[in-house]
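Student: I've got a structure open and I'd like to talk it through with you. Can we go feature by feature?

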Amino acid sequence: QCILACPTASLSEKEHISEVWKAISDPDKVVVAQTAPSIQVTIGEIFGMPTGSFVAGKLVSSLRRIGFDKVFATDVTADLTIMEEGSELVERLLHEPEKLPLLSSCCPGWVKFAEHFYPEFLPHLSSTKSPHEMCGALTKTWYAKKYGIDPSKIVNVAIMPCTAKKYEAARPEMTSDGFRNVDYVLTTRELGRMIRESGLDFPNLPDDNYDEPFDQYSGAGMIFGATGGVLEAAVRSAHKLITGEEMLVPDYEDARGQSGLKYGTVKLGDKNITVAIAHGTGNAKKALDMFKSGEKKFDYMEVMACPGGCVGGGGQPILGTRDHKYISLDYRHNRADTLYNIDKGKNIRRSHENPRIHQIYEEFLDSPLSKVAKKYLHTTFTPRGKYAYLNKETPHEEFNKKD
Ligand code: SF4
């Protein structure tokens, strides 16, 4: 068995390839794959394609040929994450300023870091689940009911950029109606090995489309894969929620680029909010320490544990191996640039414009932050490390008592 290590050096997990093969060969199971936005611009590199090649169609095609019954785009629930997190941001800006800054929480590497080292900031984390957990939750509830499938027969396999997602999927709170949201997580490299084991000629596969109803997504859902993408996507929808109008230019250039810690200002109607974007836990630490000392204030911060965000995740292809004829030292730039270019060319660039998001709210969730949405799409965090060890009341617990 192969042990894969997280680049943040905080996590290690075993691979799940054999369990996934077993599920696929079980005729009683409905095995669903979901693919994170960043995988569409990285997996081609395993098969010698240039860095940042956009291969969503071949990715879907390879998963079908491997034997998955359905192939879903996690990008759809990235749009849903934005609807919920953007609504939280608006709620806090308008009614709960004591809960600012809002801190993103879709990166499990960062969440674990905060739980260990900054528990006093846990009440500030968005309670919104990450996109793959939302996809798993909806697959075993709304989707299962809609298509008449027994949820106990569904096996949800998430193709993700990192090993930290394996840990996240195993968290006890990541369940819906008694079922684990995501059963197995495979990294990009693990899926690459399955594609090789299947003998598929990846670069020459035809392009296939994702399966309904997790098939249509906005440009905002795609840019989740790059550092700054979550914040940029959330701001696009928060503007509409606060002002009732669309941002004239959806691009927020200050959120882009590979600089480790960025600050900026965003105009949301008559409000100017300050934002921060950190990638790498060292930069998150810097930002939080400066916030605590009063040196820097911000209303909303996105944190990604990996340099470059998920396009630089620890489960992504490692460049410099025999398969990479097109090595680029700017590989994270190349991968992120592809996501931004595709976003630019899309008709739908804002999460709230995605027709699938409208459908999910109409048929199941009602509205962002509704009772049903909170039940299935939101989570909690746990102080760990010395706080847990000393069994001491933490700022997080004190805060929860007030609710
Ligand atoms: Fe995983 Fe890294 Fe993305 Fe966080 S930033 S979700 S640790 S790949």
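Student: Where does Pro 101 lie?
Tutor: Keep in mind that this is a predicted model. The bond running from Leu 100 into Pro 101 is cis, with omega near 5 degrees. As for its place, Pro 101 sits in the loop between helix 3 (74-94) and strand 5.

Student: Over how many bridges do strand 10 and strand 11 pair?
Tutor: In general, strands of a sheet pair through backbone hydrogen bonds, either parallel or antiparallel. Here strand 11 covers residues 271-279, and Leu 268 stands opposite Lys 271 in that strand. The sense is antiparallel, and the number of bridges is 8.

Student: Is Arg 171 buried or exposed?
Tutor: You'll find Arg 171 in the loop between helix 6 (164-169) and strand 7 (175-176). Its relative accessible area is 6%. The cut-off for buried is under 20%, so Arg 171 counts as buried.

Student: Which side chains make polar contacts with the side chain of Arg 171?
Tutor: There's a polar contact of 3.2 Å to the side chain of Tyr 167. Leaving aside neighbours within four places in sequence, Arg 171 is in contact with residues including Val 111, Thr 380 and Phe 381. Glu 115 is in that set too.

Student: How much space lies in the largest cavity?
Tutor: The whole structure has 2 cavities of 30 Å³ or more. The largest has 26 lining residues, with Cys 106, Pro 161, Lys 165, Met 304 and Cys 310 nearest its centre. Helix 4 (108-117), helix 5 (131-146) and helix 6 each give at least two residues to that lining. The space comes to about 270 Å³.

Student: How many residues of that largest cavity's lining are charged?
Tutor: Take the lining class by class: 16 residues are nonpolar and 9 are polar. The number of charged ones is 1.

Student: What about the second largest cavity: how many charged residues are in its lining?
Tutor: About 80 Å³ of space lies in there. Our friend Arg 171 is one of the lining residues, and Lys 129 and Glu 168 are among them too. The lining has 4 nonpolar and 5 polar residues, and the charged count is 3.

Student: Last stop, the loop between helix 12 (355-365) and helix 13 (371-377). What is phi of Asp 366?
Tutor: Asp 366 is exposed, at 59% relative accessibility. Its phi is positive even though the residue is not a glycine, and the value is near 80 degrees.

Student: And is Leu 369 exposed or partly exposed?
Tutor: Leu 369 lies in the loop between helix 12 and helix 13, and its phi is also positive, near 65 degrees. The relative accessible area is 21%. Exposed would take over 50%, and buried would be under 20%, so Leu 369 is partly exposed.

Technical notes: Residues numbered from 1 in each chain as written. Predicted model: local features only at pLDDT ≥ 70, side-chain atom pairs only at ≥ 80, totals over all residues. Heavy atoms only, no water. Pairing = 2+ DSSP bridges. Helix = DSSP H or I, 4+ residues; strand = E, 2+ residues; numbered from the N terminus. Buried < 20%, exposed > 50% of the residue type's maximum accessible area, 1.4 Å probe, protein only. Polar contact = N/O pair within 3.5 Å; in protein donor to acceptor, adjacent residues only side chain to side chain. Contact = heavy atoms within 4.5 Å. 1 Å grid on protein atoms, 1.4 Å probe; cavity = no way out; pocket = protein on both sides within 12 Å on 5 of 7 lines; lining within 4 Å. Points joined across faces, edges and corners; volume = space filled by probe spheres on them. Nonpolar A, V, L, I, M, F, W, Y, C, P; charged D, E, K, R; others polar.
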